[in-house]
Every structure is written in structure tokens, then in C-alpha cells.
Amino acid sequence: MNAEQNGGIIVTGASRGIGASTAILAAARGWSVLVNYRKDQSSAEAVRDQIVRAGGQAICYRADVSQESDVVGMFETAVQELGPVRGLVNNAGTLETQCRLEDMDAGRLSRVFAVNVTGSFLCAREAVKAMSTRRGGSGGSIVNVSSAAARLGSANEYIDYAASKGAIDTMTRGLANEVAAEGIRVNAVRPGFINTEIHAQGGEPDRLERIRPTIPLGRAGEAEEVAHAILWLLSDESSYC
Ligand code: NAP
């Protein structure tokens, strides 16, 4: 596929980790990429520059996905700068310091659900508006980044985060059915234990080393390995998924 066939794609939370790897691989596959970030502008610009140096097309855009006006502005900019949006990777995600449910206050729950759930819904909404053949669009693909946590529950670490990913699984199924006849495929990946900075954010930078003996492959996954699965779901190779 070339860039013209693929069109524009928004990768949320693309300043590092799985999002950065996905943005870089998407550009290499011919997508024109909006590299979204919330805080870390210099890392987002480094991702953009790497794409451009390799001959791809990318722009950076600061938006907090939990803020409706930010999300609307991000999609407007994507269309203006990159042309029709045909892909969305709902990757931006957050978690807070590991604790038991009995120690979680309402503020924490609001912050986690605002980014992981509300943010993904808002981006999916704008993507459907941009892509649906019912609204004059030419279709596209949405990939939500869920987590194995949705299945495991993350006891003693972050049940709130796990539950937010459960919500993403439900949204994925419902939206896939809702827009399948409108040219939009909606899928999700549920990564396992991936080597990124998110574990330090939970207060345990060496978490993957602790868990490694329980992983059948004997190692954590790398962000690029998740990106390959995401790119497959974005591509026509997964046209019946
Ligand atoms: P990461 O390295 O911590 O990266 C998170 C990214 O999300 C950063 O680019 C961050 O940007 C961005 N972000 C956070 N809040 C945002 C907001 N409100 N608006 C826009 N961007 C925001 O995490 P990661 O491990 O790559 O995780 C990516 C996704 O994979 C998440 O949804 C996570 O839940 C999921 N996942 C990860 C693992 C794992 O083991 N790593 C496993 C399963 C699922 P700024 O720094 O600029 O704020």
C-alpha cells in the first residue's frame, strides 16, 4: 500500500512506548501520521523527526484525549494537514501507583477513567464521524489498545486500570457491530507485559523483572512487537476482522 491508499492516521499517546513504535511503523507502511502527545513535546518531536528522516509524513499535536475540545481540534488538524483520516489507534493510556482497591479515592478513579475510557470514546467518536460511509467518508480502521489486565484484573496493583481496559473491550465489540456496515472495522489488541515506562509510573520500575519467570516466553514483549499486531489490524490484510 502507498501513502495515498492508506491516508491519515491518528496515534494517541505516541511520544513513547507502544504509541511511538506504532507511529513509526505506520509511517513506514505509508500512513501519514499525527503523533499525539499530552506533555512530552520533545519526545513527540523526536518521533516525528525520525519518521520524516525516513521519508515519511508526520506531524505532532498536543492534545489531552480526556478533553473533548482537544480531541475535536486534533481531528480537525489531522484532516487539514494530512488529508482524510482513515485510521485511529486509541493508544494513550495511564495508570497510577499500585495499591489495593480499598485505598483508591474518587479523584484517582476519575483520572484513570477519563484518559483510558472517556479519551478512547471521544477519539472513536471523531474517527467514526470522519470515516463512516454513512457520513460521506470512505471507511477506515480503529484499533483500541486494551490490556491483558482486562482479563486478569490486576489485583494488588491497579484494578481501576484493569476495569478501564474491560470497558475498552466492551466498547470495541459494540462499536465494531455498530459501524461494520459503514466501512469501519474496529478491533483491539490486549498486550501482555511490554517493556515501556508505564511500569515505573505504577511505582515499580522493575515490575517486568519480577513477573518474567511467569511469562511463557521468558521475557517481556517489546513495543515494536505490539506495533506489528496493530499495523496488521489497520491493514487490508485483516479485512475480515
Ligand atoms: P507509556 O510508555 O507510559 O506511554 C503512554 C503514552 O500515552 C505517552 O505517550 C503519554 O504522553 C500518552 N498519554 C498519557 N495520557 C495521555 C492523555 N491524557 N492524552 C494524550 N496522551 C496521553 O505507556 P505504554 O506502555 O506505551 O502504553 C500504551 C498503551 O498500551 C496504554 O493504553 C497502556 O494501557 C497499554 N498497555 C501497555 C502494556 C505494557 O505492559 N506496557 C500492557 C498492556 C497495555 P505524554 O508523556 O506526553 O503525556
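**Around the ligand**

Helix H8 gives the most to the shell around the ligand, with 3 residues. Before going further, please keep in mind that this is a predicted model, in which local features need pLDDT of at least 70 and side-chain atom pairs count only at pLDDT 80 or more, while totals for chains, interfaces and linings use all residues. Residues are numbered from 1 along each chain as its sequence is written, and side-chain values use heavy atoms, with hydrogens and water left out.

H8 spans 198-201, and helix H2 (17-28), strand S2 (32-37) and helix H7 (159-179) also supply at least two shell residues each. These elements are DSSP runs numbered from the N terminus: helices are H or I with at least four residues, strands E with at least two. The ligand has 32 residues around it, and those that come nearest are Ser-15, Arg-16, Asn-91, Tyr-161 and Thr-196; a residue is near if one of its heavy atoms lies within 4 Å. By class, the shell holds 13 nonpolar, 12 polar and 7 charged residues. Here Ala, Val, Leu, Ile, Met, Phe, Trp, Tyr, Cys and Pro count as nonpolar, Asp, Glu, Lys and Arg as charged, and the others, Gly among them, as polar.

Now look at the oxygen atoms of the ligand. From the side chain of His-199, an N or O atom is 3.2 Å from an oxygen of the ligand. On its own, the ligand has 890 Å² of accessible area, and the protein covers 98% of this (Shrake-Rupley method, 1.4 Å probe).

Next, turn to the loop between helix H6 (149-152) and H7, where you will find Ser-154. Although Ser-154 is not a glycine, its phi is positive, about 55 degrees. Asn-156 lies in the loop between H6 and H7, and its phi is near 65 degrees, again positive in a residue other than glycine. Are these two buried or exposed? Ser-154 counts as buried because its relative accessibility is 10%, whereas Asn-156, at 52%, counts as exposed. Buried means under 20% relative accessible area, exposed over 50%, and partly exposed in between, with a 1.4 Å probe and protein chains only.

Finally, follow the chain to the segment after helix H10 (223-234), where Ser-238 is found. With 1% relative accessibility, Ser-238 counts as buried. Its side chain reaches the backbone oxygen of Trp-232 at 2.9 Å.

Terms used
Polar contact = N/O pair within 3.5 Å; in protein donor to acceptor, adjacent residues only side chain to side chain.
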